[in-house]
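These are my notebook entries on one structure. I looked up selected backbone angles, strands and cavities in turn.

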Amino acid sequence: MNPYKKQTPGTKKLPTGWTFAEGRRPLREEITFDEVVEIPLRDGVKIYCDVFRPVTDIKVPAILAISPYGKNGHGFRIFDNIPFRLGLPESATSGLEKFEGPDPAEWCPRGYAIVNVDIRGTWDSEGDLYIEGSQFGLDGYDTVEFIASQPWCNGAVSMCGNSWLATEQWATAIEKPPALKCIAPWEGFTDMYRDLICRGGVPKATFTSFIFNKTIRGRNSREDVSGALDKWPLFNEYWEDKVYDTSDLTLPIYALGSYSSGNHGSGTVRGWNRAASKDKWIRFHPTQEWFDLYTPRYIDDLQRFFDRYLKGIDNGWEKTPKVRVSILTYGNRFEPGPKWDVPFSDYPIPDTKYSKLYLRDSGKLATSPQANEGSTSHQSDNYQAKPSEFVLTFDKATSIVGHSKAELWMSCKDKDDMDVYVSIRKLSKSGEVLEHVNVPWKKLPEGVNTQHDVPMAQTIKYTGPTGILRASHRAQVPERSTPMLPYHPHDKEEKVPPGDIVKLEISLWPMGIHFEAGEGLLFRVQGFVDTSSDFPSHIDKKLENLNEGQHTIHFGGKYDSTIIVPIVALPAQ
């Protein structure tokens, strides 16, 4: 956390070559800096923003970066705590950018104003801090309309950024401010309970406390989401207010998805899928959201989108494939890398073949079930415990893209509930469990050549898609479920008498992995998540669930336990 820095209202010019600090990216063009601009909200609260805009007499569009993470150098910063700084040296950005937001040094020369907003209740902005929810969208509406009315603005506004900055876009767009012409939510959740803090009905108390109590500063009261999770572990009206229903959205959308985030993968797809917009695009990248945000070719790509809908330039953006999916190959520096931006017409991919892989004796997966009943068990309450594992070796090249789903028959003799964690991993031809490095090898130091040279942190390493479900939350709402995405209401508990066998349907977050002949798919079932934390230097690794004793998986005979995977044919490249 960078310390608070008192700012003084005023306007000044930042000259060509100006630097925020030694080692930061210098400005390539002069910028006008409006510091501490007051934004009035409908209830009388005043919040504050910084505006960076081109030096021109021509009115320009505005791109908003709205979050609680500070501006002008103070606030939450995390890159220095990530191995290899995520391939982003300090010289990659100017330091004027918000955390997870667009860099004014990049965007002002492209003809856009960047507006960095401190939301209500953070830093010097007035009011109490609401953590997401409907107030979030109302404040966004007022902010959009205020900025659109400024004399330097052409009346066209959009928003940009990752995580909180992306979720803010969904919330604001739902309120339909007239000046909001398009949005670019690049990785953000759309359901706080299901995506972020209680996935599968299992509370993430430590993460919730860290992200909302230790990364945000303000002068007044804040909403206590950690306390709410303790008080209301089941879904209720409080959590419903933090769900963003995008089904009524019709404005242009450029969404970004990934595999590397443990917080955003499913929410991005849900928001994009449900939106009624005809003009909507989604891209899945193979890196990490912050790296992607500052990648030059994707900045150019985003500018084409903004040019089309904020400046009215007829640049052919509409011909961009509606869906571009990157498919991971894993591997080391000297092997072929990911398949970037494979084009498709929709997501899930049309003509996907959903293949059922049945769990069998001796840790095997097969396309047909075994006749006899079998079972295997694992200790659920120990990080050192071995998971239950099942393997399929591919006899031909296969690409798996989309959501997968586990259907498992399970029991526990030692407890009346189970927190079940499933994952898919890739195996090399020699049987090694592989990890994908989220930074292109050319951005890492010489000598860093394999996954073993890269420390384990979810920001820089991706292991594979995961799914989570608390057994007592296994109930579904059929009319809101799809064959691959069961909708769990999470509004009641249905305990499992010790020893009883119940069926659990667990969706895994989107994946995109290519397997060559001889490589393997490893399916794991265990009592804790099969991945590292986003912030391992800030969040202690410890078991946070109700598991006790052994969990048993039943398969074969009447127990048709399976993992269902989406196999796609890749278009000719």
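Does Ser 163 count as buried or exposed, and at what relative accessibility? I found that Ser 163 counts as buried because its relative accessibility is 13%, and buried means under 20%. I note that the model I am reading is predicted.

**Entry 1: backbone angles**

I looked up the place of Ser 163 and found it in the loop between β6 (153–161) and α3 (164–175). Its phi is near 60 degrees, a positive value in a residue other than glycine. Most residues other than glycine have a negative phi, and most peptide bonds are trans. I then turned to Arg 85, in the loop between β4 (60–67) and α1 (104–107). The phi of Arg 85 is near 50 degrees, again a positive value in a non-glycine residue. Pro 348 is in the loop between β11 and β12 (353–360).

**Entry 2: an open sheet**

I traced an open sheet of four strands in the order β8-β9-β10-β11, and its pairing is mixed. The strands β8 (253–257) and β11 (339–344) stand at the edges with a single partner strand each, so one side of each has no neighbour in the sheet. From one strand to the next, the twist averages 20 degrees. Strand β10 (residues 323–327) is joined to β11 by four bridges, and the two run antiparallel. Within this pair, I found Val 323 opposite Phe 344 in β11. Helix α8 (residues 265–274) lies across β8, β9 (280–284) and β10, and runs at about 160 degrees to β9.

**Entry 3: a covered strand**

How many residues of strand β20 (residues 466–470) are buried? I counted five of its five residues as buried. Thr 466, Ile 468 and Arg 470 are on one side, with Gly 467 and Leu 469 on the other, and both faces are covered. Strand β17 (residues 419–427) runs antiparallel to β20, joined by five bridges. Val 420 stands opposite Leu 469 in β20.

**Entry 4: cavities**

I recorded three cavities of 30 Å³ or more.

Terms used. Residues are numbered from 1 along each chain as its sequence is written. This is a predicted model: local features need pLDDT of at least 70, side-chain atom pairs count only at pLDDT 80 or more; totals for chains, interfaces and linings use all residues. Side-chain values use heavy atoms; hydrogens and water are left out. On a 1 Å grid over the protein atoms alone, a cavity is a set of points where a 1.4 Å probe fits but cannot get out, and a pocket is an open set with protein on both sides within 12 Å along at least five of seven lines; lining residues have an atom within 4 Å of a point. Grid points are joined across faces, edges and corners, and a volume is the space filled by probe spheres set on the points. Two strands pair if DSSP finds at least two bridges between them. Axes are lines fitted to C-alpha atoms, for helices over the stretch in contact, and angles run from 0 to 180 degrees between N-to-C directions. Contact means heavy atoms within 4.5 Å. Buried means under 20% relative accessible area, exposed over 50%, partly exposed in between (1.4 Å probe, protein chains only).
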